[in-house]
Amino acid sequence: MPSAVRAVPVVLAVLGATVLTLLVVAPPVTAADGWSAAPSGEARPAFYAEGEPGAALQDTVSLTNRGRTSVEVSLRAAGAEVAFAESRLRLPPRTRTEVPFTVTVPADDATAELVARDADGRTLRVALHLRATVPRVSALTVEHVAIHADRITYELVNRGTTALVPRLAIRADGLLGPLLDRAPRTLPRDLAPGRRLKLSEPWDGPALDCVEVRLTVTATGGARDEARVSAGVGPWGAVAGGAGTVAAGGALCVVRRLLVLRRRRRSAAVLPEPSCPGAELTGAVS
């Protein structure tokens, strides 16, 4: 054999590109009677696995018996979900045995061990470093939008895996035209993955109208969502005539919907007449 062997990383074919990376050169773990355990390959003192949570990664542990007698060895793992091709085996003298195994990547980074033990109780441990890589996904939703006398309330939810800095644009339209049009601005609140924020925007609503509010939220990574809400609004703070005001606002919303429906019908009715080349050809022949 050559005096020096160049160490090469072991590439795994598992749920995406996953690699067991070469660490530093070090001797294998050796028991007193001459048998040892180490990652297969050249001079890897520990296993280092990286992948998405739940991914099944494969590698091989090498057991070497340099002694003159056979050794009975059992294998198990501590701190990780590992399945060995063989968990109990006999190592003949002056031989090396390769044992494949599969490890499941946990939800968070962890350090585990592969534990080899012989019949006399001698135990060898090889470190297994696990790194969970979570795919970067940018996603958010705008929920529970509500119109009040002096504010618009809503909730933002981060549905992705990355922290977001949201930008908000607001538009409000009444029965007679636009009431509010705020250009996109960055909100002073970061949105961590999975977090829900209850927020509000100042709003000076009309005395009586049917209002449609549209909230558009964007963030880096292509995250975007839009929510709309319509309501009849008015001087809700007034005690007298409050119920009548609500009813009037609702009636205005009905009128708004009817006007929108009427415009749509007119647009559908004023369509260009389709040409009929066949009819023109028939007339020419006659």
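At 3% relative accessibility, Phe 101 counts as buried (buried means under 20% relative accessible area, exposed over 50%, and partly exposed in between, with a 1.4 Å probe and protein chains only). This is a predicted model, in which local features need pLDDT of at least 70 and side-chain atom pairs count only at pLDDT 80 or more, while totals for chains, interfaces and linings use all residues. Residues are numbered from 1 along each chain as its sequence is written, and side-chain values use heavy atoms, with hydrogens and water left out.

The structure holds two aromatic pairs; rings of Phe, Tyr and Trp (its six-membered ring) pair if their centres lie within 6.5 Å, and planes under 30 degrees apart count as stacked, over 60 as edge-to-face and the rest as tilted. The rings of Phe 47 and Phe 101 have centres 5.1 Å apart and planes at 85°, so this pair is edge-to-face. The pair links distant parts of the chain, with Phe 47 in strand 5 and Phe 101 in strand 10 (residues 95-104), 54 residues apart. Here helices (H or I, at least four residues) and strands (E, at least two) are DSSP runs, numbered from the N terminus. Phe 47 also counts as buried, at 1% relative accessibility. The pair formed by Phe 84 and Phe 101 is tilted, at 5.9 Å centre to centre and 50° between the planes. This pair, too, links distant parts of the chain: Phe 84 lies in strand 8 (residues 81-84), 17 residues apart from Phe 101 in strand 10. Phe 84 is buried, as is Phe 101, and ring pairs link Phe 47, Phe 84 and Phe 101 into a cluster.

Attention can now turn to the strands. Strands of a sheet pair through backbone hydrogen bonds, either parallel or antiparallel. Two strands are taken to pair if DSSP finds at least two bridges between them. Five strands form an open sheet with mixed pairing, in the order 5-12-11-7-9. Strand 5 (47-51) and strand 9 (88-91) are the edge strands, each pairing on one side only. From one strand to the next, the twist averages 25° (axes are lines fitted to C-alpha atoms, for helices over the stretch in contact, and angles run from 0 to 180 degrees between N-to-C directions). Within this sheet, strand 11 and strand 12 pair in the antiparallel sense over eight bridges, and Thr 111 has His 129 in strand 12 as its bridge partner.

Strand 4 (residues 35-39) has five of its five residues buried, so it is largely enclosed by the rest of the structure. Strand 4 runs antiparallel to strand 6, and five bridges join them; Ser 36 stands opposite Thr 64 in strand 6. Thr 123, found in strand 12, counts as partly exposed at 34% relative accessibility. Thr 123 and Ser 36 are 87 residues apart in sequence and 9.9 Å apart in space, C-alpha to C-alpha.

Finally, a search of the whole structure finds one cavity of 30 Å³ or more. A cavity is a set of points, on a 1 Å grid over the protein atoms alone, where a 1.4 Å probe fits but cannot get out, and lining residues have an atom within 4 Å of a point. The lining of the largest cavity includes Ala 37, Val 61 and Leu 124. Strand 11 (110-118) is one of the strands that each supply at least two residues of this lining.

Notes:
1 Å grid on protein atoms, 1.4 Å probe; cavity = no way out; pocket = protein on both sides within 12 Å on 5 of 7 lines; lining within 4 Å. Points joined across faces, edges and corners; volume = space filled by probe spheres on them.
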